Amino acid sequence: MLIIGSHVSFGKDKQLLGSVEEALSYGSNTFMFYTGAPQNTVRYPLSDTLKKEALEKMTEAGIDFHNVVVHAPYIINLANPDPSKYDFSVRFLEEEIKRCDFLGISRMVLHSGSHVGVSLDIGIKSIIQGLNQLLSTDSKVMILLETMAGKGNEVGRTLEEVKQIIDGVQNKERIGVCIDTCHLNDAGYDLSDFDAFLNLFDQIIGLSYIQCVHVNDSKNERGSHKDRHENIGFGTIGFDTLQSIIYHPALEKVPKILETPYVDRLFPPYKEEIQMIRNRNFDPDLIEKIRITKTDE
Ligand code: FE
Ligand code: FE
Ligand code: ZN
C-alpha cells in the first residue's frame, strides 16, 4: 500500500487534531508537521485531550502512527561552532524528542546543520557529538538526517557526508535518513535511473536507513545547489521519475511526504497532487485547475 501525505500545519488551538483533519482532507494516510513555527523555537504546551481525539481520528481512518513524521525547526544547528548556539540546539532537540514521545511520534526529520564556514570536518564532529547525546536516552524517537541541496555551508549534501555522521553515531537503531528528491537533484544526483541511485545509496549508506522520502520536484537544474521545490511533474525532475521513486518496491513501507509549494502561495496543492499520483497520469493543467476551483470557492 502506498503511504503518502504532505506537510500539514500544527496550530496552537487544534494541535495534532487539526493536523490529522488537514491530512485526511487531502486523502493522505500519513503526514508531517512542525510542532510549532519552523523558523522559531517558540512551542506551546501540548494538550492531552486533543492528542486523544487525534489518535481516535487516526485509528478510525486507518492511519498508522508509526508513519507520521515530525520535522525539527530548520534554525536548529548542531554544527554551530558557537557553544551557546550548539547547546541551545541540543536542548531544543531534547525537548522536541519529548514532545514526539508525548504525541507518540517515532520519526523526526532533522537538517544536519551548517558549518557556517568553519570547516566541514569540525561541523560533522559537532553533529555527531550532539546526536550521541540526544540518542543516549530511552526514547524510541528515530532521528532522520535529511539529504540537503548544498546551499551555503549545509552539511549533508553528499551521501558520503551523511554516512560519515551515521558512522559516528553509537545508537544506530535510532538514526536514519530522509531522502528529499529536490535536494538530491539540486545536490547533483541523477534520479532518472532510480535503481542506479538506490544501488549507490545502498553501497554508501545502506538501503535500510531510508525511513522517509520527501517527494518534491525542483525548480532548478541538477547540481544547482538551490533548494527550490516545485509541484509534482512541473519541475526538472519530472513526473515519470518521481513516480518511479514513489512506487519503488524497495521503498514501499517508507512514508512519502510532499513539500511542494502552495499555488499562488495561497492554495495547498496536496489533494490534487496525491490524486494525480494515485491516478499515475500527469495532468499538465493541474495547477491551473487548482487556481480556478479555489479562486471560485
Ligand atoms: Fe527539510
Ligand atoms: Fe525536505
Ligand atoms: Zn528543501
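**Figure 1. Packing of helix H1 against helix H2.** Helix H1 (residues 15-25) packs with helix H2 (residues 48-61) at an angle of about 25°, and the two axes lie 7 Å apart. H1 is therefore roughly parallel to H2. The view is taken from a predicted model. On the H1 side, the contact is formed by Gln15, Leu16, Leu17, Val20, Glu21 and Leu24, which meet Leu50, Glu53, Ala54, Lys57, Met58 and Ala61 in H2. By class, the residues of this contact comprise 8 nonpolar, 1 polar and 3 charged.

**Figure 2. Burial of helix H1.** Of the 11 residues in H1, 8 are buried, and the helix is mostly covered. The buried residues of H1 are Gln15, Leu16, Leu17, Gly18, Ser19, Val20, Glu22 and Ala23. Their cover includes strand S1 (4-7), strand S2 (30-33), H2 and helix H3 (83-103). Just after H1, a positive phi of about 75° is found at Gly27.

Figure 3. Leu258 belongs to strand S10 (residues 256-258). With a relative accessible area of 0%, Leu258 is buried. Leaving aside residues up to four places away in sequence, Leu258 touches Ile4, Gly5, Ser6 and His7, together with Val215, Asn216, Ile232, Tyr270, Glu273, Ile274 and Ile277. Leu258 and Phe31 are separated by 227 residues in sequence, while their C-alpha atoms are 8.7 Å apart in space.

Figure 4. Arg99 is located in helix H3. The relative accessibility of Arg99 is 13%, and the residue therefore counts as buried, the cut-off being under 20%. When residues up to four places away in sequence are not counted, Arg99 touches Thr35, Arg43, Leu46 and Phe92.

**Figure 5. The largest pocket.** The space in the largest pocket amounts to about 620 Å³. Its lining consists of 20 residues, and those nearest the centre of the pocket are Tyr74, His229, Glu259, Thr260 and Pro261. The lining of the largest pocket divides by class into 7 nonpolar, 6 polar and 7 charged residues.

**Figure 6. The second largest pocket.** About 200 Å³ of space is contained in the second largest pocket. This pocket is lined by 16 residues, with Phe10, Thr35, Gly36, Ala37 and Tyr44 lying nearest its centre. In the lining of the second largest pocket, 7 residues are nonpolar, 7 are polar and 2 are charged.

**Figure 7. The largest cavity.** The largest cavity holds about 30 Å³ of space. Its lining is made up of Thr147, Met148, Gly156, Arg157, Thr158, Leu159, Val162, Leu184, Ala187 and Tyr189. Helix H5 (159-168) and helix H6 (181-187) are the elements that give two or more residues to this lining. The lining residues of the largest cavity fall into 6 nonpolar, 3 polar and 1 charged.

Notes. Residues are numbered from 1 along each chain as its sequence is written. Chains are lettered from A and ligands numbered from 1 in the order in which they are written. This is a predicted model: local features need pLDDT of at least 70, side-chain atom pairs count only at pLDDT 80 or more; totals for chains, interfaces and linings use all residues. Side-chain values use heavy atoms; hydrogens and water are left out. On a 1 Å grid over the protein atoms alone, a cavity is a set of points where a 1.4 Å probe fits but cannot get out, and a pocket is an open set with protein on both sides within 12 Å along at least five of seven lines; lining residues have an atom within 4 Å of a point. Grid points are joined across faces, edges and corners, and a volume is the space filled by probe spheres set on the points. Helices (H or I, at least four residues) and strands (E, at least two) are DSSP runs, numbered from the N terminus. Ala, Val, Leu, Ile, Met, Phe, Trp, Tyr, Cys and Pro count as nonpolar, Asp, Glu, Lys and Arg as charged, and the others, Gly among them, as polar. Axes are lines fitted to C-alpha atoms, for helices over the stretch in contact, and angles run from 0 to 180 degrees between N-to-C directions. Angles under 35 degrees count as roughly parallel, over 145 as roughly antiparallel, 65 to 115 as roughly perpendicular and the rest as oblique. Contact means heavy atoms within 4.5 Å. Buried means under 20% relative accessible area, exposed over 50%, partly exposed in between (1.4 Å probe, protein chains only).
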